[in-house]
Amino acid sequence: MRVANKRGIEMISAERIPNNVNLSGNKRLQRALEHWQPKYIQWWRDMGPQGFQDYHHVYVRTAISVDPEGWAHFEYVKLPEYRWGIFLADPVHDRRIGFGDFLGQPVWQEVPGEFRNQLRRLIVTQGDTEPASVEQQRLLGQRCPSLYDLRNLFQVNVEEGRHLWAMVYLLHSYFGRDGRDEAEELLERQSGNRDKPRILEAFNEPIDNWLDFFMFTMFTDRDGKSQLMSLSESSLDPLSRTTRFMLTEEAHHMFVGETGVARILERTCQLMKQAGYSEDVRKIGGIDIPTIQKHLNQWFSLSLDLHGSEVSSNAASYFANGLKGRAKEDTFDEHVVKNAYYSMEFFEDGKPVTKEVLMRNAMNEVLRDWYVGDCAAGVVRWNRILEQHGMSDRLQLPDRKFNRHIGMYSGFYFDPNGVSLTKEQWEQRKHEWLPSAADAEYLLSIMAEPVYEPGKFANYIAPPRRGINQLPIDFQYVRTEQ
Ligand SMILES: [Fe+2]
Ligand SMILES: [Fe+2]
């Protein structure tokens, strides 16, 4: 069933699985997804937000169309009743392959046999991150700084769940039996589980305080943006259309992270004026700037790792085959990139050496460059807050070599300025740059009491400038049964 709203825009259908892909026209696929649906709901209940499943109504947005002007509809829902569905951005007429060896040919509506494994791997790796982040964040509701923040957390969570649906739709539709098996396994792996961990390291790290959450949504969701931008260039048209719509939702996740940290900074500045020095704000319950910087270091470096090795033959072949492009591929002059080179800094015998690498082999680094630039712009905006308050402290992105576990810098030690260290020096000093157990303990201590009263905020964070969907800040964004 397809419905149109007042403006004549095609709406998401009101079936058991909301969708704009004419699911009811493909009974086999519909049945397969309806079979997966209860397992998904069970996973959400077990591994999703703890303590907020049955009695709370959350004011969230749900997609009702893919029209950029009006796709979201806001209402109170119980989380397990959220309308998770399958939404693809509208097709682009006569879309052509935009890069690699097949440049200019029509895009694919089916998966070519020779790229099946590579595409499946890309989709599974992306898909795995979505439920992982919900699992990582499942205890945060019990420590929330306000109802406004609680609602934002749940909004991010339900949309990550929807992103899982987006990837599972592709697996079920285009990868047959293997795809169905992969969809099951996406619900079986668990963040941080020793035997069945999530695929990527950053998605196995616990997120048990709100500073981690905001840094994660700032930096790790932004890696999601990098990856989705490069996948939205894909020659596999359904993958491109799926990821294009995911990017619309993703923007809000980064907003939550960036403004969350901004509000902490705002409050820290206020407290510093009372306390004197940054370190002393802990005495009055605030979060000092060095602690904020350490969490920034942690999540930025983990998210750099997510972009993969600097030199990568997989990345080269994804590009050559047209599976994964560069962010904003159309802004580049040349799209085949066969004989181009990238000047890359290597680290050899304790010294940096620049070498030319075939650009195709450097595609992970090209995407990482885009990512670092996008992060740096965010840090500039944060520093404006410190400046406005007349503070001399500034936040900064650590050097890319700092705290890396993947790629050519893993196994070596660097400080945040990129100065090489011995292992002993690193061990001695790492907690100057990364959160320590004492930092974690302090943060948990000031977050132990959740704030559930409308319009009230925890002492360590300033209120937002405005509420959600033009509602007041003291709106009851989450309420219990009435
Ligand atoms: Fe996502
Ligand atoms: Fe996200």
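1. **Ground rules.** In this predicted model, local features need pLDDT of at least 70 and side-chain atom pairs count only at pLDDT 80 or more, while totals for chains, interfaces and linings use all residues. Residues are numbered from 1 along each chain as its sequence is written, chains are lettered from A and ligands numbered from 1 in the order in which they are written, and side-chain values use heavy atoms, with hydrogens and water left out.

2. **The iron site.** Start with the iron ion (ligand 1). Its protein donors are Glu130 (OE), Glu160 (OE) and His163 (ND1), at 2.0 to 2.2 Å. Donors are N, O and S atoms within 2.8 Å of the metal (3.2 Å for Na, K and Ca); water is not among the atoms, so sites may look incomplete. The spacing of the donor residues in sequence is E-x29-E-x2-H.

3. **The bridge.** Glutamate 160 bridges the iron ion (ligand 1) and the iron ion (ligand 2). These two ions lie 3.5 Å apart.

4. Helix 3 (residues 147-174) holds both glutamate 160 and histidine 163. They sit three residues apart, about one turn of the helix. Helices (H or I, at least four residues) and strands (E, at least two) are DSSP runs, numbered from the N terminus. Glutamate 160 counts as buried because its relative accessibility is 3%. For histidine 163, also buried, the value is 0%. Buried means under 20% relative accessible area, exposed over 50%, partly exposed in between (1.4 Å probe, protein chains only).

5. **Aspartate 212.** This residue lies in helix 5 (residues 210-231). Aspartate 212 is buried but has no salt bridge. That term requires a side-chain nitrogen of Lys or Arg within 4 Å of a carboxyl oxygen of Asp or Glu. Arginine 143, the nearest side chain of opposite charge, is 8.5 Å away. Lys and Arg count as positive and Asp and Glu as negative; His and the chain ends are not counted.

6. **Neighbours of aspartate 212.** Leaving aside residues within four places in sequence, aspartate 212 is in contact (heavy atoms within 4.5 Å) with Pro206, Ile207, His295 and Trp299.

7. **The cavity.** Helix 9 (363-388) and helix 8 (313-320) each supply at least two residues of the lining of the largest cavity. Helix 9 gives the most, with four residues.

8. **Proline 112.** Proline 112 sits in the loop between strand 2 (72-78) and helix 2 (116-136). It is buried, at 17% relative accessible area.
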